[in-house]
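Here is a short walk through one protein model. Keep the sequence and the 3D view side by side as you read.

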Amino acid sequence: MARNVHDPTRTLRPSWLTVRVYDHDDRWEPFSMYSERFTKLTPYVPGEQPQDRSYIKLNTNENPYAPAPGVAEVLQAYDAETLRRYPDPNAEALCHLIADTHGLKREQVMVGNGSDEILSFVFFAFFDSARGPLLFPEHTYSFYPVYCDYYNIAYKKVPLNEDYSINIDGYVREKSCGLIIPNPNAPTGILLSLDSVTSLMERWPEDRVVVVDEAYVDFGGESAVSLIDRFPNLLVVRTFSKSYSLAGSRLGWAMGHADLIQALYAVKDSFNSYPVDTVTQKVGMAAMADRAWFDQTRGRVMVERERVSKALTALGWRVLPSAANFVFAGAPALDGKAVYEGLKAKGVLVRFFNKEGLTPFVRITIGTAEENTALLEAVASL
């Protein structure tokens, strides 16, 4: 069932699955216009975007700081006349910059419209039920089961440890067509060390792809990109949305062995040969080229994350250890739904996940110092 965007605690049947037609006997009868596979989809629901008032928006893990100054310069100087031309289909200049930044070769990089599009290509290219289910954590990014349903891929959720950390031993014991894990995990924010990822890869079948989704790794983790040359079945997926402050541009990339990247290009060119527009390619280059700005803004997020974590802990909250740009935390006397509703009434948006095992918590994006202070004041008055 699809979730109601305006109320994250409710579940509704989508009204668009069935239409009614007029038959020859002047009777209305239900008639489905849609394929069977379509009617079984459960779409991903992003964080709510209410318009009824002004909110402190800490529910969608956006970066609270502006992108690098060079991004604005690109936009201001851009010649709109060039938009009549198609973009470079392979974003060669951007891919070269990404490769140079991460110590890779050009053929080990591909970009797409956000990491979600990259993940869609990944699911199509590497995972199928004929070789077993796809594995991912019990509590993780909720787009993974959506893509499994979309591509008809069986999947199995591997339980987390009692402390909500990922148990790598639980994966190597399972027969599967592959594995995907976010690192840090979402929505918990808990990081797997590079040693743990290495241990997993050393025990994983060489003919099964492992995807490490590193949307949040820049906020305190160590990337698995250093393992790519050692493990040809490892694919690392990244995004410009978080640490580069470009959520509105929809830009992501994949890094891995050249054979894996070529497979992704084959999928891309069977779906959309020109996925990343010209402006976004240039904006992405401007953002990635400014390493000083990148380090400064992610550093500010990490400092604020520790301040928020300590303040919530002092109020008696349970705060999971986060290496992301958010914290996953639960109040001592209120469940997550009550916290979400109470903070929303005070003008602060956080994310509540109405799923068994997650209901004691809310996910709180780290905002600016001023936003975080307002959050803590609202929390103290719950």
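Across the whole structure, which is a predicted model, a search finds 14 salt bridges. Side chains of opposite charge can pair when their charged atoms come close.

Take Arg106 and Glu92. They form a salt bridge, and their closest N and O atoms are 2.7 Å apart. The pair links distant parts of the chain, 14 residues apart. Glu92 sits in helix H3 (92–102), and Arg106 in the loop between H3 and S6. Are the two partners buried or exposed? Arg106 has a relative accessible area of 14%, so it falls under the 20% limit and is buried. Glu92 counts as partly exposed, at 29% relative accessibility.

Next, look at Asp169 and Arg203. Their side chains meet in a salt bridge at 3.0 Å, N to O. Asp169 belongs to helix H6 and Arg203 to helix H7, so this pair ties together parts 34 residues apart in sequence. Asp169 is partly exposed, at 32% relative accessibility. Arg203 is partly exposed too, with a relative accessible area of 40%.

Arg305 and Glu306 make another salt bridge, with 2.9 Å between the closest N and O atoms. Arg305 is buried, at 6% relative accessibility. Glu306 is partly exposed, with a relative accessible area of 34%. Elsewhere, salt bridges with shared partners join Glu214, Asp218 and Arg238 into one network.

Now turn to the sheet. In what order do its strands lie? Seven strands form an open sheet, and the order is S6-S12-S11-S10-S9-S7-S8. The pairing is mixed. Strand S6 (109–112) and strand S8 (155–158) stand at the edges. Each has a single partner strand, so one side of each is left without a neighbour in the sheet. From one strand to the next, the twist averages 20°.

Strand S7 (residues 134–137) runs parallel to S8, and four bridges join them. Here Pro137 stands opposite Val158 in S8.

Helices come next. Helix H4 (residues 114–126) lies across S6, S7, S9, S10, S11 and S12. H4 runs at about 160° to strand S11 (234–239).

Helix H7 (residues 194–203) is the one that holds Arg203. Which of its residues are buried? Leu194, Val197, Thr198, Leu200 and Met201 are. Seen down the axis of H7, the buried residues fall within an arc of 160°, so they line one face of the helix. An α-helix has 3.6 residues a turn, so residues three or four places apart point the same way. The cover over the buried residues of H7 includes helix H6 (169–172), S9, S10 and S11.

Finally, look at the nonpolar cores. The largest has 81 residues. Which members touch the most others? They are Phe127, Leu234 and Leu235. H4 gives the most to this core, with six residues.

Met201 is one of the buried residues of H7.

A second core stands separate and has 24 residues. Its members include Ala329, Leu343, Phe352 and Leu375.

Conventions: Residues numbered from 1 in each chain as written. Predicted model: local features only at pLDDT ≥ 70, side-chain atom pairs only at ≥ 80, totals over all residues. Heavy atoms only, no water. Pairing = 2+ DSSP bridges. Helix = DSSP H or I, 4+ residues; strand = E, 2+ residues; numbered from the N terminus. Axes fitted to C-alpha atoms, helices over the stretch in contact; angles between N-to-C directions. Contact = heavy atoms within 4.5 Å. Buried < 20%, exposed > 50% of the residue type's maximum accessible area, 1.4 Å probe, protein only. Arc of directions from axis to C-beta. Core = buried A, V, L, I, M, F, W, Y, C linked by side-chain atoms within 4.5 Å. Salt bridge = Lys/Arg side-chain N within 4 Å of Asp/Glu carboxyl O.
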